[in-house]
Amino acid sequence: MLLLALILAASAPALAATPPAGLSLDQPLRQGQLVIGHSAPGARISVDQRNLRVDDQGRFVFGLGRDQSRVSLCVRLADEAKARCAGLPVAPREYAIERVDGLPQGTVTPNPAEQARIEREAALIAKARERNDPRSDFAGGFVRPAKGRISGVFGSQRVLNGEPKSPHMGLDIAAPVGTAITAPAPGVVTLVHPDMLLTGQSVIVDHGHGVSSVYIHMSRTDVVEGQELKVGDPIGAIGMTGRASGPHLHWGLNWFEVKLDPALMAP
Ligand SMILES: [Zn+2]
């Protein structure tokens, strides 16, 4: 019995209750969360073996995925020889799962030309999200980019005829076509696309350190690539371009490729 306990302990290292000394975190560790942290300037910090950018005030940021259950955090201050690490639990969330059965089969499968276009456009989005800019525009927090009714939440998933579809990875704000969309935080516009197959008129804004936000299905865009934005500056207007069943803004938040819940940053 003791041997079994020892084997279990060795194969699943205990999770710590608090982050390693030398850093603090502003947000709880929960699924879909953007987490802003503070350490000392010159600190080396990594999250799940990924080295973070630490600004001259010691600020850093990372994100936790929809289904992530733990995270490993390491910190080494400028005058220290060795890093301190801790494995921490990520609080699980409940996501709405909607099961729909008895649908006719195969009505929305894209043809090969459409599939190729979807992949080309996804590559443009992925490229914009790779950017690791030294600006710390994320550090002041976020406000809602549009007024309207919340019509879709992060993490929800439909199961059609028993087949799980991709979870919904953003916040939907429904409002009439033409409703203003404004910058929820300062940033730089890194992508403006007039017509993507799935997402229509699309904009990506970079907020520094790998944090970016996306605005899709717009009826109009008011920005150009490279433009710097302050909070509240116009981005465009709500529409239903691309594949959308009604006028709404789909607002997404990313840490590099990791999709986060914008509602947790702008409740
Ligand atoms: Zn959406």
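## Nonpolar core

In this predicted model, the largest nonpolar core comprises 54 residues. Those with the most contacts inside the core are L34, I45, V61, I181, V203 and Y215. Strand β16, spanning residues 211-218, supplies the largest share of this core, namely 5 residues. Because domain 1 (2-89) and domain 2 (102-264) both give residues to the core, it lies between them. In soluble globular proteins, nonpolar side chains tend to be buried together.

L34 illustrates how the core is connected. Neighbours within four places in sequence being left aside, L34 is in contact with Q27, V61, G63, V211, L253, W255, L260 and M265. One of these partners, V61, is itself listed with L34 among the residues that have the most contacts inside the core.

## Antiparallel sheet β1-β2-β5

An open sheet is formed by 3 strands in the order β1-β2-β5, with antiparallel pairing. Its edge strands are β1 (24-25) and β5 (59-63), each of which pairs on one side only.

Strand β2 covers residues 34-38 and is joined to β5 by 5 bridges, the two strands running antiparallel. Within this part of the model, H38 stands opposite R59 in β5.

## Mixed sheet β8-β10-β11

A further open sheet contains 3 strands in the order β8-β10-β11, and its pairing is mixed. Strands β8 (97-100) and β11 (163-164) stand at the edges with a single partner strand each, so one side of each is left without a neighbour in the sheet.

The pairing of β8 with strand β10 (residues 157-160) is in the parallel sense and extends over 4 bridges. Here E98 stands opposite R158 in β10.

I204 is located in strand β15, which covers residues 200-208. The residue counts as buried because 25 other C-beta atoms lie within 10 Å, where the cut-off for burial is 20 or more. Apart from neighbours within four places in sequence, the contacts of I204 are I125, A128, T190, L191, S212 and V214.

A comparison with S24 relates sequence separation to spatial distance. I204 and S24 are 180 residues apart in sequence, and their C-alpha atoms are 29 Å apart in space.

How values were computed: Residues numbered from 1 in each chain as written. Predicted model: local features only at pLDDT ≥ 70, side-chain atom pairs only at ≥ 80, totals over all residues. Pairing = 2+ DSSP bridges. Core = buried A, V, L, I, M, F, W, Y, C linked by C-beta atoms within 7 Å. Buried ≥ 20, exposed ≤ 12 C-beta atoms within 10 Å, placed from the backbone. Domains from an automatic or database assignment. Contact = placed C-beta atoms within 7 Å.
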